[in-house]
Amino acid sequence: MTPRCIVHLISSSGFYGAEQVLLSLAKGSSRLGMSCSILCFEDVRQRNLELFHRASAAGIEVKYLPCRKRIDWSALRDLVNRLKDLKVDLLHTHGAKADFYGLLAARKLELPVVATLHLWSHTPFIVRLYDWLDALVLRFFDRVVG
């Protein structure tokens, strides 16, 4: 069955490759008659609205999810509630943070979840640690796309 409502989840600090791919996927899904929304974690310390502006200009709904720290259980609750409200058929995540929160929310709601693996950079230690944790999380996804 083809999904009718797809939500893309991302934590964005600018408009880079992952955001370009996400926007392209969202536009393509919309052209195929699917409802498509973007949920973006909002980092109040480094707010970036470029994805919001570009998606809105393309007619794609974008909502921000406040996330106050690395692990924010209220952000997870908010994500679950928004996915319920949108009556989502498929959750598509982009990036380690989105993968972690997205998997937990999708399993709670019994939704299929797909991840796009954009790039593992392997630079500073903390980034390598996140990449390693992301690799563990991705094992539980329905599909992973590179």
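The model is predicted. Strand 1, helix 1 (residues 17-31) and strand 2 form a right-handed β-α-β unit. The largest nonpolar core has 25 residues, and the structure contains six salt bridges.

**Parallel strands**

- Strand 1 and strand 2 run parallel and are joined by seven bridges.
- Within this pairing, Val7 is placed opposite Ser37 of strand 2.
- Strand 2 also runs parallel to strand 3 (residues 61-66), with six bridges between the two.
- Here Phe41 is placed opposite Leu65 of strand 3.
- Strand 2 is largely enclosed by the rest of the structure, because seven of its eight residues are buried.
- In a regular strand, side chains alternate between the two faces of the sheet.

**Nonpolar cores**

- Of the 25 residues in the largest nonpolar core, those touching the most other members are Leu9, Leu79 and Leu83.
- At least two residues of this core come from each of strand 1 (5-11), strand 2 (35-42), helix 3 (73-86), helix 4 (96-109), strand 5 (113-116) and helix 5 (125-138).
- Another core, of 13 residues, lies apart from the largest one; Cys40, Ala55, Val62 and Tyr64 are among its members.
- Beyond its neighbours within four places in sequence, Leu9 is in contact with Leu39, Phe41, Leu65, Leu79, Leu91, His92, Thr93, His94, Ala98 and Gly102.
- In soluble globular proteins, nonpolar side chains tend to be buried together.

**Helix 4**

- Helix 4 comprises 14 residues and spans 20 Å from its first C-alpha to its last, close to the 20 Å expected at 1.5 Å a residue.
- Its buried residues are Ala98, Asp99, Tyr101, Gly102, Leu103, Ala105 and Ala106.
- An α-helix has 3.6 residues a turn, so residues three or four places apart point the same way.
- The buried residues of helix 4 pack against strand 1, strand 2, helix 3, strand 4 (90-94), strand 5 and helix 5.
- Glu110 follows helix 4 and has a positive phi, near 55°.

**Salt bridges**

- Side chains of opposite charge can pair when their charged atoms come close.
- Among the six salt bridges of the structure is one between the side chains of Glu61 and Lys63, at 3.8 Å from N to O.
- Glu61 counts as partly exposed because its relative accessibility is 34%, and Lys63 is likewise partly exposed, with a relative accessible area of 39%.
- A salt bridge also links the side chains of Arg68 and Asp72, at 3.4 Å from N to O.
- In this pair, Arg68 is exposed, at 57% relative accessibility, whereas Asp72 is buried, at 5%.
- The side chains of Asp142 and Arg107 form a salt bridge, at 3.8 Å from N to O.
- Asp142 lies in the loop between helix 5 and strand 6 (143-145) and Arg107 in helix 4, so this pair ties together parts that are 35 residues apart in sequence.
- Asp142 is partly exposed, with a relative accessible area of 35%, and Arg107 is partly exposed at 39% relative accessibility.

How values were computed
Residues numbered from 1 in each chain as written. Predicted model: local features only at pLDDT ≥ 70, side-chain atom pairs only at ≥ 80, totals over all residues. Heavy atoms only, no water. Core = buried A, V, L, I, M, F, W, Y, C linked by side-chain atoms within 4.5 Å. Buried < 20%, exposed > 50% of the residue type's maximum accessible area, 1.4 Å probe, protein only. Helix = DSSP H or I, 4+ residues; strand = E, 2+ residues; numbered from the N terminus. Contact = heavy atoms within 4.5 Å. Expected span 1.5 Å × (residues − 1). Salt bridge = Lys/Arg side-chain N within 4 Å of Asp/Glu carboxyl O. Pairing = 2+ DSSP bridges. Right-handed = clockwise from strand over helix to strand, strands pointing away.
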